[in-house]
Amino acid sequence: MTTARANGLKRSYDINGWLFIAPSVALIAIYLVYPIFRSLYLSFYSGKGMMMKFAGFGNIVRLWNDPVFISALTNTVVFFVVQVPIMITLALMLASVLNNDRLKFIGLFRTAIFLPCVTSLVAYSVLFKSMFAADGVVNAALLAVGLIAAPIGWLTEPFWAKVLVILSITWRWTGYNMIFYLAAMQNIDRSVYEAARIDGVPAWARFTRLTVPMLKPVILFTTITSTIGTLQLFDEVYNLTEGKGGPSDATLTLSLYIYNLTFRYMPSFGYAATISYVIVLMVALLSFLQFYAARDRS
Amino acid sequence: MNVSRFVGDAIQYLFIGIAAFLSVFPFAWMVISSTNTSIDILGGKATFGHAFAANVGNFFAQVDAPLVFWNSIKVSLMATAMTIVISSLAGYGFEMFKSRMRDRVYSLVLLTLMVPFAALMIPLFMMMAKSGLIDTHIAIVLPGIASAFIIFYFRQSTKAFPVELRDAAKVDGLKEWQIFLYIYMPVMRSTYAAAIIIVFMASWNNYLWPLIVLQSNETKTITLVVSSLASAYTPDFGVVMIGTILATLPTLFIFFVMQRQFVQGMLGSVK
């Protein structure tokens, strides 16, 4: 083969390579890369609507003096700090039970527990809103079995509204995470468990000493993705609280606050963009942690 | 079977039994409540009633249901077709034509997976407003067509694509786009099936971006309609239930018909 021909082949390889990825790269540049930098740029401007002027770090100063921002930030952090561990633990326990071959009708149980994650976030939020009404079916059931003495104000009391949001997300995403663990468990060599069982290691210890350590990579992955998801929580709180994040901002999340600042009130694009960068920073930090932990492992 | 084993199994059954019941209950609630009046629903009535016909009638009176349903289908099909074609081309391109430069570009593409939508929506909204695309369906679809997640999924799956097939096709004189169209796509059909389901479901359920972009009743999708019905000053939950059923049925149907591909697509991200 002559050099010219080899060069020609190499060039056609290169041209084809770029042609296949060109449409995606162009679209990502326009609809992802440009907007993320534009947000950064906007965060240095302030003003209402299209009338904006340079504000330097004014928006960042405004953040620390904005009680609504502080409660949106606190709520968002509370949601993932409380909800993610509960959900991950539940999902792990469910997966390890469903991984038990001895039990019957496993397929049926698995499908049932997985079912919530096909519903739209809006549809299930609306369903939950009706179920958790003051005289609704959940309060009625809790009263009937004697767990509570008076109806709980799920949608009217700040504390219980937070609990409701956490319950809702847990309902929607536990089965989803469980499927990841089940898939990972099926790759674990059965003989490890058999050996542990014969050595008299009790079931609970097999779970905490064998299953959990072996699933560490998947647990890490699902923890980070769930946390990033919760940081962006919007659909649920919007639809449970008519877009207000109430009662008294108890369920207001950062995303909902950004939405309200931009599209509900007189738009403050610059300030909203600054808040969106708070989410960007938190997500970046978490992703960095994941990357760091993953590298540490190998 | 010894006693402790029996007790252990019983506890496990109880655990997954409760979990399964709690998981399925809201679906049952949705179906039961569609037959009840709003007052009964908010009063916690968990038995079938006689208001189904009235609820359906009210729903169709308040909502142009065929139009709304069609809007959702149109947006989802457009999004699915474009995303799958563009993103699978890129996944194939990144894996089949490796070069140092393109691998750098790929790392940047993966980096965009971390970008929260909240940080994009304001500039995206301003862009769409400037180009006069507010209240159009194409504006919903455009930002998602090049999906880093789907590109990643296709690149990972392409690693299992037999290179010999490509070499043989090249010897036969096929051009690169012909190889992609006639060899790659048919061979990778299960990957395509899984990706189609994931993208279709995601865009069917999409909410925040359509909420921002779609403003008139003529363009709204089913999720937006359900949301606005439920956030009315005094929502008629009987009507809302009909809406949630319509919003949930297509995804439920796809899930039951193609559960294997659905799970495969979902797990594709960690393999």
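Mentor: Domain bounds here come from an automatic or database domain assignment. Keep in mind that this is a predicted model.

Trainee: OK. Which domains does chain A have?

Mentor: Chain A splits into domain 1, residues 3-42, and domain 2, residues 61-297.

Trainee: How many Å separate their centres?

Mentor: Taken over C-alpha atoms, the centres of domain 1 and domain 2 of chain A are 37 Å apart.

Trainee: Now the interface. How many residues of chain A are in contact with chain B?

Mentor: 76 residues of chain A, and they meet 71 residues of chain B. Helix α1 of chain A, residues 3-42, supplies the largest share of chain A's side, with 18 residues.

Trainee: And how do the residues on that side of chain A divide into nonpolar, polar and charged?

Mentor: On the side of chain A that touches chain B, 51 are nonpolar, 18 are polar and seven are charged.

Trainee: Why is A:S248 called partly exposed?

Mentor: Because A:S248 has 13 other C-beta atoms within 10 Å, and the partly exposed class lies between 12 or fewer for exposed and 20 or more for buried.

Trainee: What about B:D135, where is that one?

Mentor: B:D135 is in the loop between α6 (118-130) and α7 (137-141) of chain B. Phi of B:D135 is near 70 degrees, again positive in a residue other than glycine. With 14 other C-beta atoms within 10 Å, B:D135 is partly exposed.

Terms used. Residues numbered from 1 in each chain as written. Chains lettered and ligands numbered in written order. Predicted model: local features only at pLDDT ≥ 70, side-chain atom pairs only at ≥ 80, totals over all residues. Contact = placed C-beta atoms within 7 Å. Helix = DSSP H or I, 4+ residues; strand = E, 2+ residues; numbered from the N terminus. Nonpolar A, V, L, I, M, F, W, Y, C, P; charged D, E, K, R; others polar.
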